[in-house]
Amino acid sequence: MDKAVDNMEAIIFAAGSGPKTGPDKTTAVDKNGAIKLVDAAKKKGIERFVMLSSAGSDNPE
C-alpha cells in the first residue's frame, strides 16, 4: 500500500465489495482495505483523505 500512495497529496477511497459479496469480502475491502490505506497515508504524511460511500443511495428517503 505504501508504494501506491507515493507522491500523493490526497487520497479518495471509493472502493467497496459490492452488494453481492459476503461478509468476508465486505470486511476485507470495506474495513481492512480502508484501514490499510489510512495507515499508509499517515506514514507518508498525507493529510487529506476522503472516503466516498453510496450507502443508502438506492433509498434516498
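A residue is called buried under 20% relative accessible area, exposed over 50%, and partly exposed in between (1.4 Å probe, protein chains only). With that in hand, Asn 7 counts as exposed because its relative accessibility is 81%. Keep in mind that this is a predicted model, where local features need pLDDT of at least 70, side-chain atom pairs count only at pLDDT 80 or more, and totals for chains, interfaces and linings use all residues. Residues are numbered from 1 along each chain as its sequence is written, and side-chain values use heavy atoms, leaving out hydrogens and water.

**Helix H1**
- H1 runs over residues 23–44, and its 22 residues reach 30 Å from first C-alpha to last, close to the 32 Å expected at 1.5 Å a residue (that is, 1.5 Å times one less than the number of residues).
- Helices (H or I, at least four residues) and strands (E, at least two) are DSSP runs, numbered from the N terminus.
- Just after H1 comes Gly 45, with a positive phi of about 75°.

- Gly 33, Ala 34, Leu 37, Ala 40 and Ala 41 are the buried residues of H1.
- An α-helix has 3.6 residues a turn, so residues three or four places apart point the same way.
- Strands E1 (10–13) and E2 (48–51) are among what covers those buried residues, going by contact (heavy atoms within 4.5 Å).

**Around the strands**
- Leu 52 sits in the segment after E2, and it counts as exposed because its relative accessibility is 52%.
- Asn 7 belongs to the segment before E1.
- Asn 7 and Ile 46 are 39 residues apart in sequence, yet their C-alphas are 9.3 Å apart in space.
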